[in-house]
Amino acid sequence: LIATVTLLTACTHRPIPVATSYATTAQQKMQAAHHWNVLAYDVAKRLKKSVDLTFSNVVDKPPLVINITDEQEKKPFGKAFSNLLTTKLVQQGMIVLTGDTEYAGDNLVIDYDMQVIYHKDRRRTYWPPGLLTALTGGVFLVKQAIDNWQHPGLAAIPFVIAGDIKSARSYQYPGETNTEVLITTLVTKNQQYIFGDSRIYYINDGD
């Protein structure tokens, strides 16, 4: 009784808070230039809606200027996103000026930034769904193969099933990585923010 009370007391008192996980969520993974195009289209669509609401009483909406830095010009994503965003904005019927335009006056200036985030110690403690069921079935099949040597090929079945499960997971879920990218798009007019958009994606560690 004393041991039980001591154990229960220890379970209700800790020197630090208990770590808990967030509810399961999904985060997209960028692995192709097509994904950059999808992002540019979505940002352009949201930006047009924001401009239409902000300047609803103005007949001629203010023109847009995309500000791309020399550092962004050197990066494949930085240059491609500027071109893709320009294209999508023009397709939305918005007025986009060339990059040598003065970033002042009534113009809406678009700035964007890419921040790579690398996690050095990500502790993943979850088991893939269905793994225990697959292992149990695999053990049973291996035992059947050992007990009945007329069908030794049965021993290969659990490994084939495991391979199929892994392939199915890789096809449906590209897999988390230690590297993420934060892409932020901001629009200002006379130093006042009128639009903001931030997205976080997984990217392959090698990228």
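Trainee: What should I know about the model and its numbering before I read any feature?

Mentor: Residues are numbered from 1 along each chain as its sequence is written, and the model is a predicted one, in which local features need pLDDT of at least 70 and side-chain atom pairs count only at pLDDT 80 or more, while totals for chains, interfaces and linings use all residues. Side-chain values use heavy atoms, with hydrogens and water left out.

Trainee: In what order do the strands of the open sheet lie?

Mentor: Helices (H or I, at least four residues) and strands (E, at least two) are DSSP runs numbered from the N terminus, and two strands pair if DSSP finds at least two bridges between them. Here the open sheet has 6 strands in the order β1-β6-β5-β4-β2-β3, and the pairing is mixed. Its edge strands are β1 (29–30) and β3 (96–97), each of which pairs on one side only.

Trainee: In which sense do β1 and β6 pair, parallel or antiparallel?

Mentor: β1 pairs with β6 (residues 192–203) in the parallel sense, over 2 bridges, and Met30 has Ile203 in β6 as its bridge partner.

Trainee: Which helix lies across β1, and at what angle does it run to β6?

Mentor: Contact means heavy atoms within 4.5 Å, and for the angle, axes are lines fitted to C-alpha atoms, for helices over the stretch in contact, with values from 0 to 180 degrees between N-to-C directions. Helix α2 (residues 33–54) lies across β1, β2 (64–67), β4 (108–118), β5 (179–189) and β6, and runs at about 160° to β6. Helix α4 (residues 76–91) also packs on the sheet, where it touches β2, β3, β4 and β5, and its direction makes about 140° with that of β4.

Trainee: Why does Thr179 count as buried?

Mentor: Thr179, which lies in strand β5, counts as buried because its relative accessible area is 5%. Leaving aside neighbours within four places in sequence, its contacts are Val116, Ile117, Tyr118, Tyr201, Tyr202, Ile203 and Asp205. The C-alpha atoms of Thr179 and Val116 are separated by 7.1 Å, although these residues are 63 residues apart along the chain.

Trainee: Is Thr188 buried or exposed?

Mentor: Thr188 also lies in strand β5, and it counts as buried because its relative accessibility is 16%. With neighbours within four places in sequence again left out, Thr188 is in contact with Asn107, Leu108, Val109, Asp111 and Tyr193.

Trainee: What are the volume and the lining of the second largest pocket?

Mentor: On a 1 Å grid over the protein atoms alone, a pocket is an open set of points where a 1.4 Å probe fits, with protein on both sides within 12 Å along at least five of seven lines, and lining residues have an atom within 4 Å of a point. The second largest pocket has a volume of about 360 Å³, and among its 15 lining residues Trp36, Phe77, Val181, Ile203 and Asp207 lie nearest its centre. The elements that give two or more residues to this lining are α2, α4, β4 and β5, with the largest share, 3 residues, coming from α4.

Trainee: Where does Asn190 lie, and what is its phi?

Mentor: Asn190 lies in the loop between β5 and β6, and its phi is near 55°, a positive value in a residue other than glycine. Gln191 is in the loop between β5 and β6 and has a positive phi of about 70°, although it is not a glycine. Asn190 is exposed, with a relative accessible area of 53%, and Gln191 counts as exposed at 81% relative accessibility.

Terms used
Buried < 20%, exposed > 50% of the residue type's maximum accessible area, 1.4 Å probe, protein only. Points joined across faces, edges and corners; volume = space filled by probe spheres on them.
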